[in-house]
Amino acid sequence: MTRSRRCQAIATTALVAAASLAPPAHAVITTVTDTGSSYGLTLRVGSPGATIDTVAFSVTGANAGLTPTAVTGAPTIDVWVMPVRPIANTTVARPVTLRVDSSIALTCQSGGCGATTIPFSKISWVATNNSNAASGDIQGGRFTAAANQSIASYDANATFCVGLLGLPCVLGVGTWTYLSRNVTATRLQFSYDNDVVYPGGNYKGTVRFTASME
C-alpha cells in the first residue's frame, strides 16, 4: 500500500480573552489530494457553516485582581475527524493526525492593552465524549504555542475480505471485516490560566486545526 497519497482538512477556531467577534470563514474545509476519488478526510471544528466559533474568557471582578483564578471559556467546541478509505485486500492502516497551530499569540484589540500579547500556552482544555489515549483520540491538554502540535493520532483502518487459505477474496467471496476509526464529536472545554496580570483590554487569537491522512 503506497503512502504517497495525502488527504488534508483545515479548520479554525478563535479564542478571545474578552467578548469579540471573529471574522467569517468556513469552519469545515475538506481537501483531498489523492488522484482518485476513493480516499477522503473530513474535519469539523465547532459549528457547521461559514463561521469561526469564538471561545470567550471573561476576566473581570476579583479574577482581575491580585489573587486571580483560572477562567473557563464558553462555548465548548466539538471536533470530528472522519477518514474514508476504499475496500481493500489488505489490513494495512494509514496514519491520521490532528494538529493545531497556536503559534501566533492573542493580541490586544482594544481597551488600552497596547502591544501586549498573551501566549496560547496559557490556555488548556479538558476533553470529554472521547475514547482512551490508546485509541488515539484527543485527550486533555494544553496549547504549546507551537505551529505543529499533535493532539490526536490513530490509524484509519480499511474494510477487507479474506478468502480461502487466508488469501485475498476472489469476486468478493470470503469473510468480510468492516473497520472504521474516527474522532466523533470529542468535546473540548477550554480554560485560561489567568496566572499573570496582563493589562486590561480585549485580546484575540486564532487556532488552526489541521487533519491529515498519509
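**Surface patch and nonpolar core**

I87, W176 and Y178 form a nonpolar surface patch with about 370 Å² of accessible area together. Patch members have over 30% relative accessible area and no salt bridge, with nonpolar side chains joined within 5 Å. A salt bridge is a Lys or Arg side-chain nitrogen within 4 Å of an Asp or Glu carboxyl oxygen. Areas use the Shrake-Rupley method with a 1.4 Å probe.

This is a predicted model: local features need pLDDT of at least 70, side-chain atom pairs need 80 or more, and totals use all residues. Numbering starts at 1 in each chain, and side-chain values use heavy atoms, without hydrogens or water.

- I87 sits in the loop between strand 6 (77-84) and strand 7 (94-101); strands are DSSP E runs of at least two residues.
- I87 counts as exposed because its relative accessibility is 59%; exposed means over 50%, buried under 20%.

**Overall build**
- The protein has 16 strands and zero helices (helices are H or I runs of at least four residues).
- Of its 214 residues, 38% count as buried.
- The accessible surface is about 10500 Å², and 57% of this belongs to carbon and sulfur atoms.

**The core**
- The largest nonpolar core has 36 residues; such a core joins buried Ala, Val, Leu, Ile, Met, Phe, Trp, Tyr and Cys through side-chain atoms within 4.5 Å.
- V79, V81, L98, I138 and F190 have the most contacts inside this core.
- Strand 16 gives the most to this core, with five residues.
- Beyond four places in sequence, V81 contacts residues including L41, L98, Y154 and A211 (heavy atoms within 4.5 Å).

Note on methods: Patches are made of residues with over 30% relative accessible area and no salt bridge: like charges are joined within 9 Å, nonpolar side chains (Val, Leu, Ile, Met, Phe, Trp, Tyr) within 5 Å. Buried means under 20% relative accessible area, exposed over 50%, partly exposed in between (1.4 Å probe, protein chains only).
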